[in-house]
Structures are given as structure tokens and as C-alpha cells.
Amino acid sequence: MTTVDNNRKVDRGDRAPGCPVRTGADGVWHIQDYPTARAFLRHTDTRQAGLGIENALRHAGRMRLPMLYRDGPEHREQRRQTARYFTPKRVETAYRDLMHRLADQQCEVLRRRGAADLSALSFQLAVAVAAEVVGLTESPPGMPQRLDRFFAIPDPDARGLSAVRQKAFNNFVLMSFLWRDVRPAVAARRRSRRDDLISHLIDEGCNTAEILGECVTFAAAGMVTTREFITVAAWHLLTGETLRERYTTGDQNERTAILYEILRLEPVVADLLRWTTADIEVGGVTIPSGARVDVGVAAANLDASEAGEQPGAVCPGRQIGAGLSFGDGAHKCPGAHIAIQETDIFLSRLFAMPGLRMIQEPTVTIRPDIASYELKGMILAV
């Protein structure tokens, strides 16, 4: 295992890898060591927290909640029924050619313009791939822009009229996504089913509002996070000569190991939140029922007891793989293979372009509730 890079690009404040389970001044429990975090995420006496679930629960009883917000047997059954859309075989047979074609298109955009924002290029790719999986294929131009506005990090200091305007704008963008993207896709599949998630939801009896909820959560998970990972991975490759050489000359297994290691070091979502539904014993501590728990993924991934020596360095080939960056347990990301595959296909094409260089580093914004990052303004030139 050879160290080829030594710095995280995204600073999310102090982390305490290996720190025992503890409670904060606000009453929230924190887990930051890897074995305990993994064991807790696999526990069945928890339910999802954060990620907008508090707003979604207001509709519980009146509509079926998106899979992201459900727990227990109902959630497991829905995961089982939709697992076929995310298997490695499915990715290889249904999406791989699409990924190559879209990667070539975005590289051509960069070549034609001479310079472009990587976050914009990667979002076009991520949106198109996830749209194929979900079934959002009847949209007029502009879906990436609509989703980018919807998922923009809100101003945490907005108060009074500013907060009202911000909420009104988000509702407007959501309705635009519904009418321009979701409703046409649903209408087309009501006429003729296809092998995608929206067709499955229609067969399950979901109405348009319920399908909208699933589309929004899959967009966040399959589009936004992939864009950020592509950008942060490219940032590491563009600023680490040895790492870049290993990536551009390595085979697929070598490249995948590099991507997993970057993701371990730079998980897009750094904090996973849960509520306990019973007393849970982990890490030698009993967390009481009804507690809010913050699983520090970014910290746990640096736990030397699991990651090995120099956990803050990029050392491809660690046994830990991507760590907990895709989560674990019932809510582990189902699209992990898709995300890695499309990232590798796009970056392989991108770094094969002669003279590729970065002429402006990205700005980093942190979404405070889940400590996720947003990278904008990384300008590449060829």
C-alpha cells in the first residue's frame, strides 16, 4: 500500500476518529469509530432521520412515503422489489453504453468550448444516467438546471421575508419539476410500461404525488451526490501527479480502487442521522430509545483500527474499500455500483483528453444538516 496523496480537499471541521460513543450538549448522540458506526447502521431498532424526513412525515397516512423515508419490513420489501435496477449485471447491460455515450458528449462540450465548469459537465451526465434508471425520459431540455436550483444549499441565515421567498422559490421549482419532468414520464408509462422505476411504482398503485416523492429522493441520491464525487475525485487527480498517473495507466480494478479510496477520504455525506426505536447497546454504551444519533461517516472512515496506517492519506487498495461512504444496513445506497461505474467511465474519458488542466479550483460549500459538500466553479481547460 503506497501513499500517493496526503490531504483531504474538503474541510468539514474537527473530526475525532475512534472517539467513543458520546452525547453532545444538544442531547444528540455521536458515533465516530468505525466498528460501532457500522454495527449501529446495521441495527434494526432505528428509523431514518434528517434528509427532509421531518417534512415528509407530515404526509404520513395520506400517501405512501418515498423509500428513503421508510423503515422496517415495508422498506425491506420495497428495496427487494427495486434491487434489480441497480445490480452490476443490469448496469453492464442496460446503462454502460449510455454512460460511454454521455461521457463522450460532455468531453466534446469541453473540447469545443476550450474551458468549462466540471460540476456542470458531470451533472449533465449524472442526471441523464439516473433519469434512465428512474424513467424520467420524456422531459423537455433543462432538467439538470431545474434540479440544480431545487437542490441548491439554502441560506441558513434566511429569516422573515427572505425565508418566505426562499420557500416559495423551492416550491415553484418543485412544481416545475413535477409538470415538466415527472408528469410526462408518468403519462407515457401509464400508456405503455417500461423496465424502470416509474413503471414499477405505477404497478404498485402509486399516484403522481407519491411518484414525485420517489423521483426527488432518487434525484438527490443518484444525481447530486454523483456530481459531487466526480468533481472531488477529479480534484484529487488533477493535483496529485502520482495519483493521476496511476489512474490513467491502471486497469479497471486499479482505477476502481483509487475511486473507492478517494470516496473513503471524501464521503459526500459526512453525517448519517437516525432515531432509535429501542435501547441499543453499541460500543459498550447503551443509547436510549428515542435518541437522535449522528453517525460521523467522515470520522469513522479515518479510524486507524479499520483503515490502517496513515488513514488521512490516499492509499488505494485498503481492505476498508470506500468505508461507510455509501452507508450500511437497511439504508445502504442501492446505486453504489452505478455511481462508481459512471464516475470511472467519465473520468477515464476526461483524463485521456490532451492538455487537460485545472485553471480554477472549486469553491466548497457545506450543507450543515448532513455535512455534505457542494463543489462549484472548478474550471477545466484543454
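Tutor: Hello! Helices (H or I, at least four residues) and strands (E, at least two) are DSSP runs, numbered from the N terminus. The model is predicted, so local features need pLDDT of at least 70 and side-chain atom pairs count only at pLDDT 80 or more, while totals for chains, interfaces and linings use all residues. Residues are numbered from 1 along each chain as its sequence is written, and side-chain values use heavy atoms, without hydrogens and water.

Student: Is the crossing of H5 and H9 left-handed or right-handed?

Tutor: A crossing is left-handed if the near helix is turned anticlockwise from the far one by less than a right angle, and right-handed if clockwise. For H5 and H9, the crossing is right-handed.

Student: How many residues of the contact of H5 with H9 are nonpolar?

Tutor: Contact means heavy atoms within 4.5 Å. Phe 123 and Val 127 of H5 are among the residues that make it, and H9 brings others, including Phe 218 and Ile 230. Ala, Val, Leu, Ile, Met, Phe, Trp, Tyr, Cys and Pro count as nonpolar, Asp, Glu, Lys and Arg as charged, and the others, Gly among them, as polar. Besides five polar residues and one charged, the nonpolar residues number 14.

Student: Which helix gives the most to the lining of the second largest pocket?

Tutor: On a 1 Å grid over the protein atoms alone, a pocket is an open set of points where a 1.4 Å probe fits, with protein on both sides within 12 Å along at least five of seven lines; lining residues have an atom within 4 Å of a point. This pocket has 17 lining residues, with Val 127, Ala 128, Ala 131, Leu 136 and Met 143 nearest its centre. Helix H4 (88-113), H5 and helix H6 (143-150) each give two or more residues to the lining. With five residues, the one giving the most is H5.

Student: Which residue stands opposite Gln 360?

Tutor: Three bridges join E9 to strand E12 (residues 379-381). In E12, opposite Gln 360, stands Ile 379.

Student: In the hairpin of E10 and E11, which residue in the turn has a positive phi?

Tutor: Five bridges join strand E10 (residues 363-367) to strand E11 (residues 372-376), and the two run antiparallel. Four residues lie between the strands, and the one with a positive phi, about 55°, is Ala 371.

Note on methods:
Pairing = 2+ DSSP bridges.
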